Amino acid sequence: MSALELYPALARLDLVADPVAAALKQWTASVPVDAVRVAEIDPELADTAEFCAHYGVPLGDSVNCVVIAAKRGGDVTYAACMVTALTRADVNGLVRKHLGARKASFAPLAEVAEATGMEYGGITPIGLPAGWPVLVDPAAAAVEAAIIGSGNRRSKIVLPGRALAELPGAEVLTGLGVPLG
C-alpha cells in the first residue's frame with residue numbers, strides 16, 4: 001500500500017492521541033485489533049488532498065471524519081460522519097433529519113478539539129466521547145483498507161472499512177456520502 005510504513009497500532013500507541021490509544025486498548029470489534037495499523041506521516045501533509053497526493057493513496061481509500069453539531073431548541077448533539085474523500089456528508093439533508101435537528105452544521109473546530117482531546121485535521125471516530133453517534137456511509141464501510149485520522153496530524157490509522165460500522169455508536173446510513181461536484 002502506497003508509501004506508508006505501517007505498524008500494528010497497539011505497538012505504536014505513541015503515534016496516536018490519548019483517547020484513541022485508550023479506545024484501541026479496549027477494542028471490541030469483530031475485526032481483530034491487529035488488523036488496525038498506524039503510519040507516521042508529515043503533519044504538514046495531514047489534510048486529505050495533500051496526504052493522498054504525497055503518499056500515493058487513492059482518494060477512495062481515504063475516509064474523512066466530519067463532526068457535525070445538530071441543534072434543536074437549546075440542545076446541541078455532536079455526531080461524526082464517515083465519508084470517503086470522493087464524497088461529502090449530506091449535512092443539511094440526511095444528517096439533520098436523522099438526528100432530529102432543526103439545524104445542522106460543521107461543529108466549531110475549537111469545540112471539537114476540546115471535547116475529543118484530538119487535533120483538528122486528525123479527528124477520528126475511534127475514541128470519541130461516549131454518546132456521539134458515528135454515522136458511516138456504506139462506501140466508507142466497504143473500503144478494504146480505509147485510512148482515517150489518528151487523533152493527531154502526525155499519523156494515520158489504516159483498518160478495514162467494515163470496522164467503522166462496528167465502533168461504539170456506529171450506524172451505516174445509506175445516502176450519507178454525496179458525490180463531490
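In what order do the 5 strands of the open sheet stand? The order is E6-E3-E4-E7-E10, and the pairing is mixed. This is a predicted model, in which local features need pLDDT of at least 70 and side-chain atom pairs count only at pLDDT 80 or more, while totals for chains, interfaces and linings use all residues. Residues are numbered from 1 along each chain as its sequence is written, and side-chain values use heavy atoms, leaving out hydrogens and water.

A word on terms: helices (H or I, at least four residues) and strands (E, at least two) are DSSP runs numbered from the N terminus, and two strands count as paired if DSSP finds at least two bridges between them. Strand E6 (103–106) and strand E10 (170–172) sit at the edges of the sheet with a single partner strand each, so one side of each has no neighbour there. From one strand to the next, the twist averages 30°; axes here are lines fitted to C-alpha atoms, for helices over the stretch in contact, with angles running from 0 to 180 degrees between N-to-C directions.

Within this sheet, E3 (residues 63–72) and E4 (residues 75–84) are antiparallel and share 10 bridges. Val67, for instance, has Ala80 in E4 as its bridge partner. Helix H3 (residues 91–98) packs on the sheet and touches E3, E4, E6, strand E7 (134–136) and E10, contact being heavy atoms within 4.5 Å. The direction of H3 makes about 120° with that of E6.

Helix H2 (residues 48–55) has Thr48, Phe51, Cys52 and Tyr55 as its buried residues, where buried means under 20% relative accessible area, exposed over 50% and partly exposed in between (1.4 Å probe, protein chains only). These four cover an arc of only 95° around the axis, so they lie on the same side of H2; the arc is that of the directions from the helix axis to the C-beta atoms. They pack against E3, strand E8 (146–149) and E9. On the face turned away from the buried side, H2 carries exposed Ala49 and Ala53.

Pro58 lies in the loop between H2 and E3 and is partly exposed, at 47% relative accessible area.
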